[in-house]
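Here is a short briefing on one protein chain. Please keep the sequence and the 3D view open while reading.

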Amino acid sequence: MNTLRAAIFYAGVIFGLGFAFGTVRVLLLMPRLGPISATLIEVPLMLAASWLVCGWSVRRWGLPRRFSARVAMSAMAFALLMGAEVLLGRYCFERSSSAQIAALTAPEGLIGLGAQLGFALMPLARR
C-alpha cells in the first residue's frame, strides 16, 4: 500500500508542477522561442523537480530498496501521470485521443515523452 501512496503522491505533485510549468511554457516561452526551445527549457526543470519529489516520496512512505518495489512505484506513477495527461487533454482541451497521440509524435512531444520516461525511472535511480 505504501508503494501505491508513494506513486500517487509522486505523480500528483509532478502533474501539478507540469501543469504550472506547461502554462508558462505555452503562454510565455513558446511565442518567443518556439515549441522545441521552450520544451528544452522546461524539461530540465521538470526532471530536477522529479528527482526531488521522488526522493521525498520514497522517504515519506518508506519505500523499500527492493528492485520490485521501485519498479512497481515507477510503473504506477507513470500510468497515473499518463492517465492524468490523457484526461486533461480530453476534458480541458477537448483533444481526441488521436490528436493527443499526434502531439506526442511532434519533436517537442517526443522530448516531453522522453522527460516523462525519465520521471518514470526516478524511483529506480533514487536508491
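Glu94 is exposed, because its relative accessible area is 70%, over the 50% cut-off. The model is predicted, and every value below is computed from it. Glu94 sits in the loop between α3 and α4. The protein chain has five helices and zero strands. Its largest pocket has a volume of about 1,100 Å³.

**Glu94 and its backbone**
- The phi angle of Glu94 is near 50°.
- That is a positive value in a residue other than glycine.
- Most residues other than glycine have a negative phi.

**Overall fold**
- Along the sequence, the pattern of the protein chain is α-α-α-α-α.
- The radius of gyration of the protein chain is 15 Å.
- A compact globule with 127 residues would have a value near 14 Å, so the two agree.
- The C-alpha trace spans about 45 × 25 × 20 Å along its principal axes.
- Buried residues account for 32% of the 127 residues in the protein chain.
- Take the contacts in the protein chain with a separation of 6 or more: 78% of them join residues 24 or more positions apart.
- The accessible surface of the protein chain is about 7,300 Å².
- Carbon and sulfur atoms hold 71% of that accessible surface.

**The largest pocket**
- The volume of the largest pocket is about 1,100 Å³.
- The pocket is lined by 37 residues.
- Which of the lining residues are the closest to the centre of the largest pocket? They are Arg25, Glu42, Glu85, Arg95 and Gln116.
- Five helices each supply at least two residues of the lining: α1 (2-33), α2 (35-60), α3 (67-91), α4 (97-105) and α5 (107-125).
- Which helix gives the most to the lining of the largest pocket? Helix α1 does, with ten residues.
- By type, the lining of the largest pocket holds 21 nonpolar, eleven polar and five charged residues.

- Ser57 belongs to helix α2.
- Ser57 is buried, because its relative accessibility is 0%, under the 20% cut-off.
- Ser57 is in contact with Ala6, Phe9, Tyr10 and Met73, leaving aside its neighbours within four places in sequence.
- Pro123 is part of helix α5.
- Is Pro123 buried or exposed? Pro123 counts as buried, at 0% relative accessibility.
- Not counting residues up to four places away in sequence, Pro123 touches Tyr10, Cys54, Arg70, Met73 and Ser74.
- Tyr10 and Met73 are among the contacts of Ser57, and Tyr10 and Met73 are also among those of Pro123.
- Pro123 and Ala99 are 24 residues apart in sequence, and their C-alpha atoms are 30 Å apart in space.

- Pro44 lies in helix α2.
- Pro44 counts as partly exposed because its relative accessibility is 45%, and the class runs between the 20% and 50% cut-offs.
- Val26 is found in helix α1.
- Val26 is partly exposed, with a relative accessible area of 41%.
- Val26 and Gly83 are 57 residues apart along the chain, and 21 Å separates their C-alpha atoms.
- Ser68 has its place in helix α3.
- Ser68 is also partly exposed, at a relative accessible area of 48%.
- From Ser68 to Leu17 the C-alpha distance is 27 Å, and the two are 51 residues apart in sequence.

Definitions and conventions. Residues are numbered from 1 along each chain as its sequence is written. This is a predicted model: local features need pLDDT of at least 70, side-chain atom pairs count only at pLDDT 80 or more; totals for chains, interfaces and linings use all residues. Side-chain values use heavy atoms; hydrogens and water are left out. On a 1 Å grid over the protein atoms alone, a cavity is a set of points where a 1.4 Å probe fits but cannot get out, and a pocket is an open set with protein on both sides within 12 Å along at least five of seven lines; lining residues have an atom within 4 Å of a point. Grid points are joined across faces, edges and corners, and a volume is the space filled by probe spheres set on the points. Helices (H or I, at least four residues) and strands (E, at least two) are DSSP runs, numbered from the N terminus. Ala, Val, Leu, Ile, Met, Phe, Trp, Tyr, Cys and Pro count as nonpolar, Asp, Glu, Lys and Arg as charged, and the others, Gly among them, as polar. The radius of gyration is taken over C-alpha atoms; the globule rule is 2.2 Å times the number of residues to the power 0.38. Buried means under 20% relative accessible area, exposed over 50%, partly exposed in between (1.4 Å probe, protein chains only). Contact means heavy atoms within 4.5 Å. Accessible areas come from the Shrake-Rupley method with a 1.4 Å probe; for residues, only the protein chains shown count as cover.
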